[in-house]
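Student: I would like to learn how to read a protein structure. Could we go through some features together?

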Amino acid sequence: MFQLVLIALFILTLFSATSRDVFFTSYNFTSMAYQIPEVAILSIAVMLSMLTGGIDLSIVAISNAAALIASYIMTHHLNAAGTTPNFWIVAACLIGILVGILCGLVNSILVALLNVTPILATLATMTLFNGIAIGLTNGKSVSGLPEQFLRLGNGTFFGLPTPFVAMIILATLVSFLINRTGLGLKVFLIGTNRKAAQYSAIADRKVIMWTYVISGCLSSIAGLVIASRTSAASPDFGASYILLAIVIVVLGGVNPSGGFGTVSGVVLATMVLQMLSSGFNALRFNQFYYLVAQGSMLIAVMVLNLVLEGRRKSRSIHQSRRT
Amino acid sequence: MNFKRLFRRSETILIFAIIVLSSIIGIKSPSFLSIASIFDIFRSSIVQLIFALGVLIVIVSGGIDISFPTIGIFSGYTAVVLMQRLELNPNSLIVPLVASVIIGVALGAVNALVIAGFGIPTLIATLGTAGIFRGCMLSFVGITFISEIPVGLDNFATADLIRIESPTAPLARLHILIIPITLLTIGISFLLRRTMFGRSVYALGGGSESARRLGISTRRVQAKIYMLVGGLSGFAGILFVSLQRKASPYDLAGSELDVIAAVVLGGASIMGGYGTVFGTVLGVLLINLIKGNLILLGVSSSWQRAAVGVLLLIGITVQAITESKKVRKRRVSTNEEVVA
């Protein structure tokens with residue numbers, strides 16, 4: 001966690017120094033603050049599923065599906081004046097979240113009840129949800145969302161960007177959930193050792209079901225944020241977000257085999273990666289350099305984790321030999 | 001011949017599904033039941049089948065690789081670009097083929113280094129390397145769409161072994177690739193079933209720790225696996241460029257799901273340790289049968305991906321149910337025991 005703060009400060013100073021007039025401006029920081037929330041919420045969703053030792057690859061498909069359905073409902077009820085009654089906006093958002101919960105339920109049935117490996121199960125559901133979205137819209141995107149909805153994604157709430165505030169609220173809620181509730185504790189225990197959790201009379205299948213449902217719910221909220229910010233919903237948006245989310249989650253200190261992870265680490269890692277993207281942009285780097293950076297960071301962090309873990313194990317073996 | 005076990009095997013179910021599906025399509029659209037259709041299905045399956053053979057080896061060893069289409073298009077595109085920049089003989093077919101395979105093996109070696117050398121979990125490792133490869137290709141090799149590929153490759157797209165032209169029926173073309181592809185498939189099957197390498201792959205899939213205690217050098221086997229898959233992907237990539245008669249660095253992205261679906265449908269267990277080449281071939285045929293003929297079934301082609309998703313879902317659900325039935329019958333507790 002401490003290293004992450006160091007990395008964040010390092011990147012901040014590096015890019016501010018090399019590109020002061022483009023990077024270190026309030027405009028840039030504000031636009032970053034608008035783009036961070038959707039990625040952060042998606043990353044928190046991945047973190048939840050990783051904590052139990054699995055993974056959720058369908059987050060982007062769920063977020064697109066939720067955004068599409070909500071957008072469709074909203075544009076369907078547009079008045080002649082180009083606005084939609086508030087009732088329908090709220091209803092559309094709620095239905096979008098419901099879609100996310102249902103998709104999460106499908107994931108949980110596959111992973112928890114049928115015992116399918118999470119990788120394969122979420123690959124399948126990702127294909128299915130994405131396919132349904134493409135089939136329903138013929139691959140086209142839905143645009144022309146009502147203005148009140150757009151104000152949510154592009155407006156401010158007491159000075160801070162609304163989506164940023166939403167992200168902080170959600171992050172606090174999830175952090176409370178995993179750190180201070182029984183469910184959260186069980187999630188960590190299952191991720192650490194599933195067999196031991198089963199033998200400790202923990203209803204592991206129910207807990208895993210809850211994680212995938214909450215993950216789906218978070219993904220749908222992220223989808224609504226994306227739709228609100230970009231004023232469009234398409235079945236193919238954000239295909240690169242999966243790699244990004246996994247990089248963020250691993251950088252944020254979450255153990256891919258489960259059992260450890262913090263929300264603050266994930267949020268901080270999101271900021272680091274957003275700064276990286278923005279910095280590359282400011283330095284006029286080719287956008288594909290960012291892709292290379294993501295992949296390299298993922299592998300570098302994993303290697304570093306493995307090396308540190310190996311050193312920790314050998315150190316504890318030495319210590320136990322001495323005593 | 002134990003008939004009961006024969007009927008339960010996934011390959012039998014697949015053959016059955018293919019026959020049923022073909023009949024349904026044939027009833028709805030009789031023009032489907034022709035030699036032209038069979039040849040067409042083969043042609044559209046070529047590239048996927050080569051990818052699928054590589055993915056099969058990886059899945060049997062207990063891992064998963066999602067970087068293979070990226071390796072494929074990187075190798076194919078770079079081979080074409082190299083031929084243009086170095087002004088190599090444009091009529092030659094061997095040069096781009098060999099170049100593409102070599103590039104594929106090199107990229108596979110990167111995968112091997114990360115997975116076998118550092119021991120990073122395969123999904124995350126290949127997710128990372130896919131990003132690196134794609135980023136490097138788009139940054140350093142180029143982003144231009146090449147519509148004029150070298151003559152040798154271009155002509156190869158129409159190199160047909162059998163060509164049946166008739167005024168009443170559509171053109172039936174069987175590409176010459178059927179000979180090398182059949183040999184390759186038989187070769188991979190032989191490799192998996194009758195060589196030490198193949199046995200090691202299956203052993204690795206059954207449990208890497210157990211394999212290590214058997215004396216199998218797991219790291220070396222894994223390195224060989226990913227380099228082999230890289231070479232196969234490179235081969236598939238250059239064939240893709242040739243058959244499509246264009247080279248675009250944005251192609252093939254997103255096709256990993258179809259290939260993985262085909263391999264899983266073919267009966268390969270994602271947990272590793274089980275999978276056959278025959279099943280994979282059937283899986284690829286089934287996926288292409290569905291994808292290519294949705295229109296004949298009255299479904300618009302934008303539902304292709306959903307159809308693949310449904311198939312994959314059915315495949316893994318059936319696998320999971322049979323797996324849990326097997327576990328319940330066992331009396332000795334194992335790691336995958338389902339605590340009901």
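Student: At what angle do helix 8 and helix 9 of chain A pack?
Tutor: This is a predicted model, so every value here is computed from it. In it, helix 8 (residues 162-180) and helix 9 (residues 182-192) of chain A pack at about 70 degrees. Their axes are 5 Å apart.

Student: What do we call that arrangement of helix 8 and helix 9 of chain A?
Tutor: Angles of 65 to 115 degrees count as roughly perpendicular. Helix 8 and helix 9 of chain A are therefore roughly perpendicular to each other. Helix 8 of chain A makes the contact with Leu177(A), Ile178(A), Asn179(A) and Arg180(A). Helix 9 of chain A brings Leu183(A), Gly184(A) and Val187(A).

Student: How do helix 3 and helix 13 of chain A cross?
Tutor: Look at the angle, then at the hand. The axes of helix 3 (residues 26-51) and helix 13 (residues 263-282) of chain A come within 8 Å and cross at roughly 135 degrees. These two helices of chain A, helix 3 and helix 13, are therefore oblique to each other. Their crossing is right-handed.

Student: Which residues meet there, in helix 3 and helix 13 of chain A?
Tutor: From helix 3 of chain A, they include Met32(A), Ile36(A), Val39(A) and Ile44(A). From helix 13 of chain A, they include Val267(A), Met271(A), Gln274(A) and Met275(A).

Student: Let us take one residue. What is Met32(A) in contact with, leaving aside its neighbours within four places in sequence?
Tutor: Met32(A) lies in helix 3 of chain A. With those neighbours within four places left aside, Met32(A) is in contact with Gln274(A), Met275(A) and Ser278(A). Met32(A) has 18 C-beta neighbours inside 10 Å, so it counts as partly exposed. Now compare sequence with space. Met32(A) and Phe164(A) are 132 residues apart in sequence and 9.9 Å apart in space, C-alpha to C-alpha.

Student: Is Gly258(A) buried or exposed?
Tutor: A residue is buried if 20 or more other C-beta atoms lie within 10 Å of its own. Gly258(A) has 22, so it is buried. Gly258(A) is in the loop between helix 12 (241-251) and helix 13 of chain A. Beyond its neighbours within four places in sequence, its contacts include Met50(A), Thr52(A) and Gly191(A).

Student: What about a positive phi?
Tutor: Most residues other than glycine have a negative phi. Asn138(A) is not a glycine, yet has a positive phi of about 60 degrees. Asn138(A) lies in the loop between helix 6 (118-137) and strand 1 (142-143) of chain A. Asn138(A) counts as exposed, because it has 11 C-beta neighbours inside 10 Å.

Student: Where does Leu252(B) lie?
Tutor: Leu252(B) is in the loop between helix 11 (218-244) and helix 12 (256-265) of chain B. Leu252(B) is not a glycine either, and its positive phi is about 65 degrees. Leu252(B) is buried, because 25 other C-beta atoms lie within 10 Å.

Student: Which residues touch the most other members of the largest nonpolar core?
Tutor: In soluble globular proteins, nonpolar side chains tend to be buried together. Here the largest nonpolar core has 203 residues. Ile41(A), Ile44(A), Ala65(A) and Ala245(A) touch the most other members. Helix 11 (residues 204-230) of chain A gives the largest share of this core, 14 residues. Leaving aside its neighbours within four places in sequence, Ala65(A) is in contact with Val99(A), Cys103(A), Phe129(A), Ile132(A) and Ala133(A).

Key: Residues are numbered from 1 along each chain as its sequence is written. Chains are lettered from A and ligands numbered from 1 in the order in which they are written. This is a predicted model: local features need pLDDT of at least 70, side-chain atom pairs count only at pLDDT 80 or more; totals for chains, interfaces and linings use all residues. A nonpolar core is a set of buried Ala, Val, Leu, Ile, Met, Phe, Trp, Tyr and Cys residues joined through C-beta atoms within 7 Å. A residue is buried if 20 or more other C-beta atoms lie within 10 Å of its own, exposed if 12 or fewer, and partly exposed in between; C-beta atoms are placed from the backbone. Helices (H or I, at least four residues) and strands (E, at least two) are DSSP runs, numbered from the N terminus. Two residues are in contact if their C-beta atoms, placed from the backbone, lie within 7 Å. Axes are lines fitted to C-alpha atoms, for helices over the stretch in contact, and angles run from 0 to 180 degrees between N-to-C directions. Angles under 35 degrees count as roughly parallel, over 145 as roughly antiparallel, 65 to 115 as roughly perpendicular and the rest as oblique. A crossing is left-handed if the near helix is turned anticlockwise from the far one by less than a right angle, and right-handed if clockwise.
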